[in-house]
Amino acid sequence: MKRNKRKIMPYLFISPFFILYAIFGLYPAVSGLILSLQTKAGQFTFSNYQTVFMDSRFWKSVTNAAIYMLGSIFIILPVALIAALMLNSKFMGKKSGFVSTAFFIPNVTSVIVVGIVFKLILRTNNGLINTALQDMGIIERAVKFLSDPVWAIPSVLLIGCWRYFGINSLYFLSGLQGIPTELGEAARIDGAGKWKEFWYITLPLLKPIMTYIVFIAITGSFAMFGEVITLVQNGSSVGSRDSMLYPVIYLYNMMFKNNQVNRAATMGYMIAVILLVITTIQRYLFREKD
Amino acid sequence: MKKMAMFLGTAMLMTTILTGCGGTSEETDNGGKENQADTGTGGDTETVTDTNSDDIVIWAFAEPHAEYFRWVTEEYKKEHPDVNFTIEIMTTDALSERLAVINASGGEGAPDLVDQEQGFFSRFMSEEQMCYYPLDEFMERDDVTDKMVKNRLDLYAYDGHYYGLEHALCPVTMAYRKDLFEEYNIEIPTTWEEYKAAAEEFAKHDIYISATKDMSMGGELDEIVLLLRAAGLDYVDENGKLNITDEFKNIVMDYVQMQQNGMMYAWETQDEAWPVVAEDKVATYFTADWAAGWLRDNVPEQSGKWQMAPLPKLTDTASVVSVRGGTGLCMTKYTDKDKEELWDFMKFAQLDKDNCVKKYEMIALYPPVYDAMPECNSPVEYYDNQNLGELYESLADEIPVQYQADWRNAFTESFNSNAYDLVEGNISIDELTDILTEAVNEYNESK
Amino acid sequence: MKKKRVIASILFHIVLLVAVLFILYPFVFMISGALKTDLEMNRHILRLIPREITLDNFKTLFETIPFWKQFMNSFCVAAAAAVLAMLVDGLVAYGFTRFEFRGKGILMSLILATMLIPPQVLMVPQFQMYKTMGLFGSYVPLIIPALINAFGIFLLCQIMGQIPKDLYESAMIDGYGEFKIFMKIAIPLSKAGIGIQGVLTFMNTWNDFMTPLIYLNAEEKYTLPIGLMRLQSFYKISYGAPLAGALLSCIPVIIILAVVGQKYFVKGLMAGAVKG
């Protein structure tokens, strides 16, 4: 009896997560799959997948997310790494507490606040950036950051950069602090320059944390929602040439505006599959080589 | 020390939850939205306490309609003490989205009455999506068509049935700066050609003829369609089909050019316009009754300088008044209440003369109800004591019809997506026409 | 050599200053905008110290939406989510770190695997489910995501794993039951980690935008982000009042950061990520 109790005990403790996930995660996942394989009338069909697969707007939204993803990996993360190297430097001293907090704040700022503020920063008439550039005489005609399709992704990237470069540099910093200083010293004794030290010692040792950060960047890009919804007319417009159309926004509109439940569920699954493919590739690229 | 702070923080959270949020955890347990009791106070807004399923649930979006409902339901309760109301307010988008979803899944949780914005009504215009109950039998019995401007009822008509009772007449006329026109000796334009000429004249003095939404942002095409509608050339024709006329193309291009040449101030969000208006740089403004107060609210210092005139005519036969916007009170087909009782309230709120007058005083919606109109006609101080009501009443029967079409959303989406290219000259208006036509056709096929 | 150091130091501080300014500027801009008149906002957007300081924006804010009601809604939902998340994550982490049992490794990977599915993807079926359960319009859908947070469990496992096993053993000899050990030993010894988890959950739920947008359907029930979004749709409202609301909505988060101790918190947060 007592032995049995000891056996069950661990499962009792961990059961809350599994019970909750079964109800609120697994069940919807299965019912979503069923929805995606049904017509509105409830008959079995593959046509939803066919429709979504042939839908150029869906692929446009995926492309937007992919470009944003590349932007955040190749622009935001390097900037964050540089910032982390600085935070880790010997000049930092006692300022580190304040600076880390400052870096942390944007990440815990509500997306609606971000939307309200950045709309003012980016707008055409009397927008902050436009006014500043015009006052300095750099540009003459205001740039339409929010309607020009060329500027749509850079504008959103700017917001992403502001929101996430701080927290990412803190993640990098934690990785850097885990690297024993002796390694660097040893390298210097061997006559390796700063650059070589960074490339051959620091960077490889940052790989585990980098895997995590890049993973977050990928899923974050494909889950883009609030930033754009709050930026572009509360979601009623998705920019010229669908330049502000992201997968989850398209899914949301399909569900709540066009009311095509089955098609929206299908899109959910398609997004999940695309994400799975990308993150698998990422893990392959970041695998431990030895 | 820090651990202490951490612990205090956690303890603080705990206690707040235990003391302040009894209501929330209760709600968490009970779940259902019908049986939750609101805790705390709602400030200025009425707090709904003791909601139960016998209440008539009204979904409304934003002020000012909600303000009117709060008042009129109280009035109604004085006569019918046994009737209770719950007014749920949400954004315009949210309202239509929730309703569509509820409708798609069998009507569970549907409200009894909905304040339906006309632009979103088109979303419900199909057999599958129509979640409203046709009001024809009630309207026939109570002679509503004689009491209310018929064109305003047509806005909520689909497949030969009427579904909503309109709040407001929504006449659009032209507000103009009398002093500016006098100062520069420019005639008040009565035709579109004269309007464009006036724009050029004002531009010489660094004054914008009007402030309108930046075309490259897309949008509902509201400003542009006003004159087309007055001329009977709206892009939705009487059969609910897409009809892009040459007039449509010309007027769109006129707007694009005026904005690009700096003759018309182009804004991305409305509020950018007011400082420009405040600097005496805007000469005219097409406005509906419900927006006539915007000038008063945003540039109060220009009181007495503005006047209201009929619209410039796009064609010789065009009407001098147009129509913009509107909201209809609709009854959902899912209601479990007595429909007679609901209709009685709808009549009380939308057709009763005294209530209509009160609504005009309260939120400046000019009634579409004939016998209430004379009561609303009094001088308006802001417009130099001009009698706006009289002007509206005199134009009431000239108010054009606005036809509805279920494809309006698809049209707008396509327009939004291509407006920037049109403005930048990447595509011509004819190419845009083709794209719009294709989008609408595609929508019609997908049905 | 020394000269080179000084130059490097100056350069370093300039770059650091730019980075901090980049991050803090929008906040300063928000505060200044909340105190500016609309006219000044439109004419002199670059001016950070308003020539004419006004509190009208706050007045408009309170007159237009039931701000404090929505503030309290947000607070209660976030606090409830935080407390429940601490409990659930604590129990699960304790189960994983205290015991050896069959399938432990697989079950842990299962938990981590849930991170692969972004919650947005499940939006449609989840919505259908909550609606069938009659929870549409309630706060339940806002709280649940906090309770199935794999990262939180992972983070707590890292921290609870550091508790020496001997402590548990001696408690057992004293006749403590498992739940009592959990309450009297595991929780107090990892309260920092649990606290961080609570604070993170609080902030995430406080800031959540998509879930309340989907599930809440009346102004009296709205949480702040949705209230502020609706505020922007009023014709009379320009940017002042939303900025004022945005400013006030940041206060709890800033208080938490200040009270909990910046360095401590940021470091604690990263403790879990290092091994991720």
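The largest nonpolar core in this predicted model has 300 residues, and V228(A), I249(A), Y208(B) and I143(C) are the ones that touch the most other members. As background, nonpolar side chains tend to be buried together in soluble globular proteins.

**Where chain C meets chain A**

- Let's start with the head count: 66 residues of chain C are in contact with 70 residues of chain A.
- Which part of chain C gives the most to the side that touches chain A? That's helix α1 (residues 2-35) of chain C, which puts in twelve residues.

- Chain B has an open sheet built from five strands, and reading across it the order is β2-β1-β3-β13-β6.
- The pairing in this sheet is mixed. A quick reminder: strands of a sheet pair through backbone hydrogen bonds, either parallel or antiparallel.
- Which strands sit at the edges? They are β2 (85-90) and β6 (164-166) of chain B, and each of them pairs on one side only.
- Going from one strand to the next, the twist averages 25 degrees.
- For a parallel pair, look at strand β1 (residues 56-61) and strand β3 (residues 113-117) of chain B, which are joined by two bridges.
- If you want to find a bridge on screen, pick I58(B): its partner in β3(B) is L113(B).

**Helices against the sheet**

- Helix α3 (residues 65-79) of chain B packs on the sheet and touches β1, β2, β3 and β13 (327-331) of chain B.
- The direction of helix α3 of chain B makes about 175 degrees with that of β2(B).
- Helix α15 (residues 339-350) of chain B lies across β1, β3, β6 and β13 of chain B, and its angle to β13(B) is about 165 degrees.

**Two domains in chain B**

- How is chain B divided up, and what are the bounds? The domain assignment gives domain 1 (56-169 + 325-372) and domain 2 (171-322 + 402-446).
- Taken over C-alpha atoms, the centres of domain 1 and domain 2 of chain B are 29 Å apart.
- Where the two domains touch, domain 1 of chain B brings 14 residues and domain 2 of chain B brings 13 residues.
- On the domain 1 side of that contact in chain B, there are nine nonpolar, four polar and one charged residues.

Technical notes
Residues numbered from 1 in each chain as written. Chains lettered and ligands numbered in written order. Predicted model: local features only at pLDDT ≥ 70, side-chain atom pairs only at ≥ 80, totals over all residues. Contact = placed C-beta atoms within 7 Å. Helix = DSSP H or I, 4+ residues; strand = E, 2+ residues; numbered from the N terminus. Core = buried A, V, L, I, M, F, W, Y, C linked by C-beta atoms within 7 Å. Buried ≥ 20, exposed ≤ 12 C-beta atoms within 10 Å, placed from the backbone. Pairing = 2+ DSSP bridges. Axes fitted to C-alpha atoms, helices over the stretch in contact; angles between N-to-C directions. Domains from an automatic or database assignment. Nonpolar A, V, L, I, M, F, W, Y, C, P; charged D, E, K, R; others polar.
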